[in-house]
Amino acid sequence: MASYMFQKTITSICTCGLQKLLPDLFFCRHCLTLRCDFCVSHEIDTTYCPHCFENLSSTEAKHKKNRCASCLECPRCFNTLSTRSYSRTPEPKKPPQKMYYLLCLFCNWRSHEPSIPDQPTSSGNWPVNKNPNDGRILDLINHYKSVSLKEVFDKQKRNTKHYGRNYMHFLEKFGLNAMMARKRAGLPNFHSDGTGFSTSEISPAEAIENVPELPINIFEDIVDLKQVSTLEQRFATPELQAENTDDLFPIRKHLRVKHSLRCRVCEHNVVKPEYNAVKFKIKHLAYYHVPEIKIIKCEPLVAGKWSSLILKLCNPAQISTAVRFEKLDLNTINIIREPRRLEGEDLIATPKQLPEPIPIVLELHGDIMVPEGEIKIAARDDTAEYDDTNEVNTDNDDPKYVYWRKGNKVALKFEVKPSENLKKNENLQLGFVMHFMYMDTMLHVINQKQPQTVLVPINILLNLPNSL
Amino acid sequence: MKIDSDFLPEKQCIVIDIGTKYTKFGFATEHSPRCIIPTCCEIDGTPISDIYTCKDVQTLTLALTNFIHMLFYKYALVAPKDKKVIIVESLLSPTTFKEILAKVLFITYEVASLCFVPSHCASLFTLGISTGLVLDVGYKEAILIPVCEGVPVLRLWQAMALAGQTVENQIKTRIDIGQLSPDESIDNIAEDIKARTCFVTSLKRSKILATGQNVEPKTSDVEYHINGERSITISGDIRETVHDVLFEENIDEMSITTMILETIINSNVDTRLKLAENIVLIGGTVMAKGFMSRLKEELVEKLKSPKYNNLKITKFKFHIAPAFENYIAWLGGSIFGSTNNLNILSQTRENYINENFVPDWPTTFTRQKIE
Ligand SMILES: Nc1ncnc2c1ncn2[C@@H]1O[C@H](COP(=O)(O)OP(=O)(O)O)[C@@H](O)[C@H]1O
């Protein structure tokens, strides 16, 4: 069912220039134009664990290094681990004790294989692996921190000479808060004349001449590949990179985020998820506004000959709309992109620089004849399906173009002519512009006004499979 | 009142080392990267396996945009807006790549500041030394740049296409992997064989094996299963000699060994000894077992040749960093990011937008300090 949506037979060109399928597009109701993944800015709304669905605040997530506290992953195949228990009688007379271990149901990895002892609680205080070099790296960081602070300090000292001893000025520049924080942390203060300022000394690393040799048994030992971890398994914990699969540790599940999307131009939200639910507060998908186009019939394509193509348009909105078609003009396609706005909409100046639009490079392989005039499409009405009497007024339709209509759907006749030199098995690429009527029903807080209607042009590309 | 950046938790700094094969990614002041992931991304469903080979600006922009998006929203879980970013990069990485990366980060993702840190210099931060001969053997190239008192001596750089990829190509030609089904990739299999079964043998054994003789003890063969179905045998000889290609001299008499010696011979007489006794190996390929000892043997052996025997060097010393070799450069970036120098040497977004240009070198020349 979903796969028909992913066929790239009919694509729309987004305002930024990428070709996208309709379900992948958003419709910014303020800029009145299409936006896609690429041309909206993403913000992080909530962080959650993909396994237990617990929501974490961003500070919490940061503190836990973006890992879930309770869910663990198999270090061998990266599936979620389950906790298993068994009873153990430590001494004959005492009651049996429950012990827990971790098991991967996919690859049968068990936590007691390596050096992880079984735990008496189900939540398990599963040991966290420690970087053996932590101490040394911390020393290095502190050393370089103090070196760079000293540089700043020395510079300040040079500068302050000219101003005399302006105490306040000095503090301001150096960062009063650094001093206060040091005091609070119980560290000695910097001496204001810099004499007592010492950089934390470290011993520079010593190079060695006797470098580690190959182990003697490396040649003859039989390699059991099951025991040698893959690079992927090693890189899952960069600080350990265990080469033996027995040394692998369970990995805490990495968190994921819910995004909210914002139009880069007008800075309004196009998608905003609801906290703690699989719902959305705002969801301006193009799919809810732009008439969807599907191919229902196409006569066999013959190079240089016109054949008819029937497209079905379906209006997803609760308001009736109208469409008008135009041929795609390749010469102007790159000229106007950022569209206008609704009348009375307060223009937000865009002081920031936006990413450059992507130039559209297209090649059309033939000619297309689009229906003329305006074609109305009724609003979507979910009850209409059960109502046989619901007759649509077809009086104004030109039978030359309108094939049939039913409810919020209309089938339209197009004519396509592949160019003479169309190669075999090459998809026939054709394009047209669809202008659809968009009625703005948003409540405008600032200036109350009547809903306005606007014609929104959208560039549609057809990629017809061609089996001449 | 101004608040010192040390105490403001929001000012997170992100450190990225975009390698030709693996990208290391994490937060400054942390002791290891959060993730090491393949440098690849998708554009509209088509996978781009190597971002560095994207030639035209459009594809590269899209590829980098998608890649950075993935890093931030899948791994860092922070929005890039108003964050500080450190890019650890090779001094030889192409300017267009740098420019496009800066544009994507500043304009599309609106980062607050950006600092390009040369990987060779950053690596020395992990050792607490300021002079060293840094050799980076990654996936595509081996790049050698000596660093003296924290300054890279660009005049003496050496680069050769001798790295992980060369070794994998050896595996592909010497082992008959056979027909693969479409969802298997020969590159992945070759890399897996390399990382899990191969090692760098000693010079003595390599010399014997090169003449076609047998050595004692003989290296055992390995049964390797492809996709759990077929199995191929990887002979012991191949396991120990695939890395030899890195030490074989090409027609210009150049190999990883001679790269080091050439650099030493061309450097200032006063620094020669210091460089030879401060060799720093970084990059994933040097993690192959036995690489360091083989390199040392090769260097000592080569020193006897007439070309180099007037070098008054008798021994070579190697540094071992408190990190795995494949993320030493990243760790250097992370240590750099914890210092105040970051604020002094970064380019701010305002500066980028006004000047519309990325400096070749981290300087304070065109910028104001970030508050
Ligand atoms: N632990 C390891 N053992 C053996 N080889 C490794 C290891 N880690 C990485 N490599 C190899 O190192 C190469 C990548 O090194 P890296 O320094 O990440 O390169 P780059 O920075 O150019 O992407 C790859 O060819 C990979 O196979």
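Author: A salt bridge here is a side-chain nitrogen of Lys or Arg within 4 Å of a carboxyl oxygen of Asp or Glu. The model is a predicted one. By that criterion, the side chains of Glu30(B) and Lys65(A) form a salt bridge, with N to O at 3.9 Å.

Reader: How many salt bridges does the rule find across the interface of chain A and chain B?

Author: The rule finds two across that interface. It also finds 19 residue pairs in polar contact there, both residues being at pLDDT 80 or more.

Reader: Which elements give two or more residues to the side of chain A that touches chain B?

Author: They are strands E2 (19–20), E5 (40–48) and E11 (256–263) of chain A, together with helices H3 (134–163), H4 (167–174), H5 (176–184) and H6 (231–236) of chain A. The largest share, 11 residues, comes from H3(A).

Reader: And by class, what does that side of chain A have?

Author: The side of chain A that touches chain B has 37 nonpolar, 24 charged and 15 polar residues.

Reader: What is the area buried between the two chains, and how many residues are in contact?

Author: About 6,700 Å² is buried between chain A and chain B, and carbon and sulfur atoms give 60% of that area. In chain A, the residues that lose the most area to chain B are Tyr144(A), Phe219(A) and Leu225(A), which together make up 10% of what that side buries. As for contacts, 76 residues of chain A touch 84 residues of chain B.

Reader: Let us change topic to the strands. How do E15(A) and E20(A) run, and how many bridges join them?

Author: Strand E15 (residues 307–314) and strand E20 (residues 409–418) of chain A run antiparallel and are joined by eight bridges. Within this pairing, Ser308(A) has Glu415(A) as its bridge partner.

Reader: What about E17(A) and E20(A)?

Author: Strand E17 (residues 366–369) of chain A pairs with E20(A) in the antiparallel sense, over four bridges. Ile368(A) stands opposite Val416(A) of E20(A).

Reader: And E19(A), how many bridges join it to E20(A)?

Author: Four bridges join strand E19 (residues 402–406) of chain A to E20(A), and the two run antiparallel. Here Trp404(A) stands opposite Ala411(A) of E20(A).

Reader: Which residue takes a positive phi in the hairpin of E19(A) and E20(A)?

Author: That residue is Gly407(A), with phi near 55 degrees; the hairpin has two residues between the strands.

Notes. Residues numbered from 1 in each chain as written. Chains lettered and ligands numbered in written order. Predicted model: local features only at pLDDT ≥ 70, side-chain atom pairs only at ≥ 80, totals over all residues. Heavy atoms only, no water. Pairing = 2+ DSSP bridges. Contact = heavy atoms within 4.5 Å. Buried area = accessible area lost by both parts, 1.4 Å probe. Polar contact = N/O pair within 3.5 Å; in protein donor to acceptor, adjacent residues only side chain to side chain. Nonpolar A, V, L, I, M, F, W, Y, C, P; charged D, E, K, R; others polar.
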